[in-house]
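Here are my notes on this model, written for someone meeting it for the first time. They are set out as numbered points.

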Amino acid sequence: MAEYKRLATEQDFKENFKQKKPLMNETQAHYESSRCLFCYDAPCMDACPTGIDIPLFIKQIQTGNTVGAAKTIYDSNWMGNACGTICPTGILCEGACVYNNQDVAPLLIGRLQNYATMSVIESGKQLYSPGEENGKKVAIIGAGPAGIACACELRTLGYTVDIYEAKSLPSGLTVHGVAPYKITNEEVMAEMDYLQNQLGYTIKYNNAITSKAQLSELEANYSAIFIGVGLGVTATLNMTGENLNGVHGAVEFIEELRMKHSEIKIAHKVVVIGGGNTAMDAASGSARLGAEEVTLAYRGDKERMGAYGFEYDLAIGAGVKGLFNASPLEILGKENVEGIRFIKTVIVDGKLSTIVGSEFTVECDMVIKATGQAKQGTFLSLIDGLDLDNRTRIVVNVATNQTSNPMYFAGGDAINGGAEVVNGAYDGKLAANGIHEWLTQH
Amino acid sequence: MNKKDKIDLSVNFVGIKAPNPFWLASAPPTNTGYQIMKAFDAGWGGAVWKTLGMPTINVSSRYGSTNYRDTRMAGFSNIELISDRPLEDNLREMTEVKKHFPDHAVIASLMVDTREEWEDIIKQVEDAGADGIELNFGCPHGMCERGMGSAVGQEPEVLKTIVEWVMEAANIPVITKLSPNISHIIDPGLAAVQGKTDAISLINTVKSIVGIDLDSYAPYPVVDGKGTNGGYCGPAVKPIALHMLKDLMQHPEIKNTPMSGIGGIETWRDVVEFILLGATSVQVCTAVMHYGFGIVRELEAGLINFMEDKGYTTIYDFAGKALPNVTDWKHLNLKSEVKARINKDKCIGCDLCYISCDDGAHQAIALPTDGSRIPTIIEENCVGCNLCSLVCPVEDCITMEKFDDGKEHETWHELTESDRIPDTWNDDRAGGKGHWVPEPIEALKTKRKDKSGWKK
Ligand SMILES: Cc1cc2nc3c(=O)[nH]c(=O)nc-3n(C[C@H](O)[C@H](O)[C@H](O)COP(=O)(O)OP(=O)(O)OC[C@H]3O[C@@H](n4cnc5c(N)ncnc54)[C@H](O)[C@@H]3O)c2cc1C
Ligand SMILES: Cc1cc2nc3c(=O)[nH]c(=O)nc-3n(C[C@H](O)[C@H](O)[C@H](O)COP(=O)(O)O)c2cc1C
Ligand code: SF4
Ligand code: SF4
Ligand code: SF4
């Protein structure tokens, strides 16, 4: 039973993918900001990966210095606006707000953050200008949150910055991956334009760096290189039927959804395989597109899922059904997908094992694999002397984000194996300062 | 480059130099060298040391507060005395602070009794390296019972004499701190100026009782079943401080004396307001006692943003800029007319504007008859008093709109001068002769019905 009707128009899209954290109005911002206690050594601030001075920016909103509030936010986090709406605030800043300790609702920090940042984005208020040109050039591979943050920071330090980006839009997964009910494409792009207009870095779109020759050229032309390539496409399951029509990778599915909106035709019965946040987004997305039946199939039990509780609740709220302890064996069908054969699982001594003879089939006409993104191993192996850990993550010095090849710095999903936009923003800024320190010493 | 770099917040207050106008008032936050160093490190530009004088004994407890709904310490009260730490310790720490922060302002607040004592303590704080002296004539409890503090602040002649003694003895700038516990602030202000003080600071705390304990029947803070009047400060006293500052700044013989503004300062807006009325440094106590030294971040960022917006580079560019606009009632334009307007799209239907106007003002708001809860202004009756717009909980929902064309100008002063004082009740702003009010009996007809339809 579908909770959402199928999309026909852009208006339908807007309704089904209504923003979860809409922009606050003045009255909301006034009341909400007046609740902040201005805690000493505030736990909310400590819980923000970029360490935004939260009590300060909330007080600035309260005293009518909204521009100052935006500055406080951007001083710590170049993705300040995107983070306000898409960060898992309940787990980060808002989860740490002291009000929780007396069961009083925590401050709506994320939305207050957007209130401040959107006001300067909309007015175009110039908060930053490039630092005095120092004659040095830095190349950045990937215009995701990490790459953009690194570019902004480097520009304030006076570097010339060229970003090489495989796709035709900036912000990486912020616009291509994050669920559409968390932020609109327009809002993401408005922040991207706002930053680029002030700081003036160059983004070379449709310019994937894929060969040794390209890398050598970058090495010859730039003083340092930042790797912000994120992760790759959805990993394969190595399972029969994976190539049938109607089998999609979750990341690719969400990207198409974000780019095409109501032009997407969703199937009737969708099964999403996986238990992480991406699986939740894919399942929610399918339901909101109007699929009659969406099943979220996870091989372990509910408690073992990697997804945040609130993401699961969002999916269930959209009409998704959970199917637990079901491990996929094969995808069925001739040309088009017709179903999935599962086997039941059970946890014995903390280990997942299958129950012999418990196979069963779920019919469907679409399968979304949300079983993780592949790593960028092939690309990364082209770089000389670049150490990776056993999970194909780039190894960096955490104080500077410098890699084992001193000319290269890295950040974001490429070093943490897949986290949040806010972590990418932190890494990019840190790496820029690492680059600055390294180039000043050499 | 950044515009911020062009802004210079530094001040030279009668020779006392500081990197910015944000100073700590003489109070518990300036009790020790430890606190003052921590404050300077956090960004404060100056500190007036907790008042030094003779040995004292304090009571326990010492503070009370006015909590307004969920706002703690909207007003704050204390019954504390001057420093209870040995003078030698304070002096030693003062020297150490100055060693670490030579460019920050360290001002010694003093309160003693005889001329010899004044001369002696001034010498000691000068030797310790103080940049200036502040005379505490304001403490409204305890010390006045020993003939000091506000006992002096309320006696202009005595105040003047002491200022004269001090001016003769001191080689560093002297600030006289005034008590607000007086009906006419000009009297002690003028006395201080006539005694040749270099500068004035105000206000000290206001005599008060913040509440009564309903079990012990004693005022807060309760000390073993009894209490006493305390000194009130914090956000609640700002209006009193602004008023007194303005009075001094408009007085021909006082206005050239630099003023350090104190009283209820917590945000950058408060700072700007004090500067607009002529203060060229500000002092803060309660806000720091509430939130710690960290609030200076908000003060500084906000002040800079304001200055950037208005194109000022130093605080002297706008100091006193509001003074010409503070005038006597008799000079206000009687022909100016505003009326309330409700933004129906923003209204949330609390009807507080209706009831405040109907019960508390001019019966100029009508309840809707269309089943909604959105009221309307009865323009003929609205006198433009502001009440509804102050009561309305929604930002910019009720605005006061100008109704006159700005061409006419007439003041009470002009009416008096030209012998045209009205002898009938014919105020246009109150609807003229025919100003409509409901008949008294209407009051009994508008009772609300309960759910059963019966009048309560
Ligand atoms: C489905 C999904 C939902 C998510 N939801 C959230 C959320 O709600 N909140 C949140 O905070 N985070 C969310 N995330 C995580 C977040 O999007 C990432 O952590 C973040 O975008 C990582 O930033 P990054 O800069 O490291 O990489 P990316 O955002 O992946 O950006 C990498 C960029 O590099 C480009 N690139 C890659 N290889 C090359 C190459 N060889 N040459 C040139 N360019 C290249 C890519 O095109 C891309 O633009 C989500 C992720 C996914 C997959
Ligand atoms: C607990 C307490 C102790 C104070 N002690 C002194 C003092 O020793 N000397 C003095 O000049 N003022 C003293 N004050 C007054 C403050 O310096 C200041 O004038 C007053 O609190 C108003 O500022 P505020 O509203 O920022 O608190 C004291 C105030 C408080 C709350
Ligand atoms: S923890 Fe909550 S109340 Fe405290 S400063 Fe942070 S947002 Fe404000
Ligand atoms: S006070 Fe404001 S919100 Fe309430 S009814 Fe009046 S106009 Fe509407
Ligand atoms: S301004 Fe005063 S008189 Fe006019 S409607 Fe509001 S409360 Fe009534």
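**Notes on the model**

1. In chain B, strand 6 (residues 71-78) and strand 12 (residues 230-233) run antiparallel and are joined by 3 bridges. Within this pairing, Cys233(B) of strand 12 is the bridge partner of Phe76(B). The model is a predicted one, and the points below should be read with that in mind.

2. On its other pairing, strand 6 of chain B meets strand 5 of chain B, again in the antiparallel sense, over 5 bridges. Here Phe76(B) in strand 6 stands opposite Ser65(B). The two strands form a hairpin with 2 residues between them, and Arg69(B) takes a positive phi near 50° in that hairpin.

3. Which strands make up the open sheet in chain B, and in what order? The sheet has 4 strands in the order 5-6-12-11, with antiparallel pairing. Strand 5 (63-68) and strand 11 (206-208) of chain B each have a single partner strand, so each stands at an edge with one side left without a neighbour in the sheet. On average, neighbouring strands of this sheet are turned by 45° against each other, direction ignored.

4. One of the pairings in chain B is that of strand 3 (residues 22-24) with strand 4 (residues 46-52), which run parallel and are joined by 2 bridges. In this pairing Leu24(B) stands opposite Ala47(B) of strand 4.

5. How is chain B divided into domains? Domain 1 of chain B covers 3-325 and domain 2 covers 329-441. Taken over C-alpha atoms, the centres of these two domains are separated by 40 Å.

6. Chain A is assigned three domains: domain 1 (20-123), domain 2 (137-232 + 375-441) and domain 3 (247-369). The C-alpha centres of domain 2 and domain 3 of chain A lie 32 Å apart.

7. The interface between domain 2 and domain 3 of chain A can be described in some detail. Contact is made by 16 residues of domain 2 of chain A and 13 residues of domain 3 of chain A. The area buried between these domains is about 1,200 Å², and carbon and sulfur atoms give 49% of it. Across the interface there are 9 residue pairs in polar contact. Helix 10 (residues 173-176) of chain A gives 4 residues to the side of domain 2 that touches domain 3, the largest share.

8. How many salt bridges are counted between domain 2 and domain 3 of chain A? The count is 2. In chain A, Glu311(A) forms a salt bridge with Lys182(A), and the closest N and O atoms of the pair are 2.7 Å apart.

9. The contact between the chains takes 16 residues from chain A and 21 residues from chain B. Together the chains bury about 1,700 Å², of which 47% is on carbon and sulfur atoms. On the side of chain A, Phe38(A), Lys59(A) and Thr63(A) supply 30% of the area buried against chain B, more than any other three residues.

10. Between chain A and chain B there are 8 residue pairs in polar contact. Helix 2 (26-34) and helix 4 (54-62) of chain A are the elements that give two or more residues to the side of chain A that touches chain B. The largest share of that side, 4 residues, comes from helix 2 of chain A.

11. Over all chains, the whole structure has 35 salt bridges. The count between chain A and chain B is 4. Lys59(A) meets Glu266(B) in a salt bridge at 3.2 Å, N to O. Glu26(A) and Lys346(B) form a salt bridge with their closest N and O atoms 3.9 Å apart. This pair crosses between chains: Glu26(A) is in helix 2 of chain A, while Lys346(B) is in the loop between strand 15 (338-342) and helix 11 (352-360) of chain B.

Terms used:
Residues numbered from 1 in each chain as written. Chains lettered and ligands numbered in written order. Predicted model: local features only at pLDDT ≥ 70, side-chain atom pairs only at ≥ 80, totals over all residues. Heavy atoms only, no water. Domains from an automatic or database assignment. Pairing = 2+ DSSP bridges. Axes fitted to C-alpha atoms, helices over the stretch in contact; angles between N-to-C directions. Contact = heavy atoms within 4.5 Å. Buried area = accessible area lost by both parts, 1.4 Å probe. Salt bridge = Lys/Arg side-chain N within 4 Å of Asp/Glu carboxyl O. Polar contact = N/O pair within 3.5 Å; in protein donor to acceptor, adjacent residues only side chain to side chain.
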